[in-house]
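Hi there,

Here is the structure I said I would pass on. Have a look at it first, and my notes follow below.

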Amino acid sequence: MNVSMILAAGEGTRMKSKCPKVLHKIAGKPILSYVVNICQEVRMDKNVVIVGHKSDQVVDYFKDQDLVFKKQPTGQGVPYGTGFAVMQGQEEFSDEDMVYVLTGDTPLIKEETLRKFMDYVDYHQQAACVLTAILPKPYGYGRIVRGDDSNILHIVEEKDASVRERAITEVNTGIFAFQGGPLKAALKELDSNNSQGELYLTDVIHHLVEAGYQVGGFTLNDEREMLGINSRAQLAVCEGIMRERINEAHMLNGVTFLDPSSTLVEYGVKIGQDTVIYPGAILQGDSEIGQACTIYGNSRIVDSKIGNNVTIDNSLIEKSVVEDGVSMGPYAHLRPNSHLEEDVHIGNFVEVKNAHLGQGTKAGHLAYIGDADVGAGVNIGCGVIFVNYNGKEKFRSTVKDGAFVGSNVNLVAPVVIEEEAYLAAGSTITKDVPSGDLAIARSQQKNISKKMD
């Protein structure tokens with residue numbers, strides 16, 4: 001059985017944050033979720049997460065996933081270190097299992113890389129294997145010391161390394177594979193006799209070699225995959241790399257980015273072929289964009305589904321559905337639970353909230369459509385307000401197919417406007433309007449001369 005052991009107990013003090021380090025986000029997802037998802041994708045038989053600092057928050061975030069959480073003790077006298085963290089999960093694997101140790105703050109590791117590493121481990125059947133990388137500037141990383149047969153002899157941490165060892169450019173990525181039995185035996189041999197006073201997992205390698213086991217090493221092709229996050233600066237670096245990966249994947253699938261570096265697309269967003277995205281656009285959450293859409297700069301789409309051939313100009317869409325052929329903006333706003341059917345037009349400074357607009361309906365400018373069911377082919381003039389709130393409760397309005405709502409009309413909910421009804425400009429409508437009728441609700445014009453009698 002393959003068991004993953006994901007180390008996520010660190011305090012992350014350099015992040016200067018009240019949020020646990022592994023819950024900070026890159027491309028819209030917590031750091032830890034990338035590692036968890038990769039382990040799930042490669043079908044580990046069991047995924048164990050070692051938590052410590054603010055563990056309740058971490059466990060709560062992942063409560064719906066098939067994970068085993070083990071809490072690392074904290075406080076004075078606790079030795080800490082990666083070896084100590086792995087000890088907390090010993091009961092979750094047997095002697096016959098292969099245990100893969102990963103760190104929860106390295107979100108850039110790719111599924112393809114982990115699969116290749118696992119294949120290498122399966123083929124060589126060694127007691128342990130280390131995923132390594134070659135760095136031209138290896139400062140800060142544990143160095144890989146190999147023997148004449150290229151097997152790994154031990155890993156020496158930067159602070160404990162000699163001058164000669166510091167010249168080594170092959171480094172430890174923090175990802176390991178261990179046979180369960182030898183790992184348990186070696187963990188018992190660990191001590192904190194080092195500069196940090198911690199139990200190093202890297203010392204397990206030395207104990208395995210001393211016990212006569214062979215330890216292999218598999219080297220990364222792209223050293224960026226090993227980058228960890230311990231500070232806001234490193235968070236920004238990983239964010240940039242992840243955004244680059246995401247945008248490149250979309251471009252390979254037929255999406256045009258006029259300036260990928262200034263376009264933010266979060267992990268998991270779907271975009272159809274021949275869609276063109278201008279600089280400044282932000283696509284977030286569980287959003288899906290159809291084919292042949294045009295999204296102009298400073299538009300933001302959150303948790304929404306957009307159909308095909310849609311044009312969005314500098315607008316905000318939140319938790320809504322937009323069907324084929326819709327045009328929006330500039331400066332339009334769809335608030336949650338809005339639904340625009342095919343060929344709807346929402347123009348300048350139009351806000352829609354919790355409303356359904358039928359096919360071909362148009363609201364060109366300066367309107368608020370809230371808590372409403374609007375039919376097909378309706379015209380909503382400039383300055384129209386759906387008055388949905390009386391200070392205590394909200395009510396819905398219904399405007400049926402083909403109705404005409406003139407400029408500066410107030411519809412005071414609840415009210416029903418039947419098919420082909422016509423609401424005169426400047427009216428405040430408080431009663432239902434029958435099909436085909438003209439409704440006028442305004443005082444008679446009176447002109448008062450400036451001349452005095």
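Isoleucine 346 is in contact (heavy atoms within 4.5 Å) with Ser327, Met328, Gly329, Ala332, Leu340, Val352, Leu357 and Ala363, leaving aside its neighbours within four places in sequence. A second core, separate and of 34 residues, includes Cys39, Val49, Val58 and Leu102. By nonpolar core I mean a set of buried Ala, Val, Leu, Ile, Met, Phe, Trp, Tyr and Cys residues joined through side-chain atoms within 4.5 Å. The largest such core has 61 residues, and Ile346, Ile369, Leu411 and Ile417 have the most contacts inside it. Helix 8 gives the largest share of this core, 5 residues.

Before you use these values: this is a predicted model, where local features need pLDDT of at least 70, side-chain atom pairs count only at pLDDT 80 or more, and totals for chains, interfaces and linings use all residues. Residues are numbered from 1 along each chain as its sequence is written, and side-chain values use heavy atoms, with hydrogens and water left out.

Helix 1 (residues 31–41) is largely enclosed by the rest of the structure, because 8 of its 11 residues are buried. Here buried means under 20% relative accessible area, exposed over 50% and partly exposed in between, with a 1.4 Å probe and protein chains only. Helices (H or I, at least four residues) and strands (E, at least two) are DSSP runs, numbered from the N terminus. Among the buried residues of helix 1 are Tyr34, Ile38 and Cys39. Arginine 43, which follows helix 1, has a positive phi, near 60 degrees.

Best wishes
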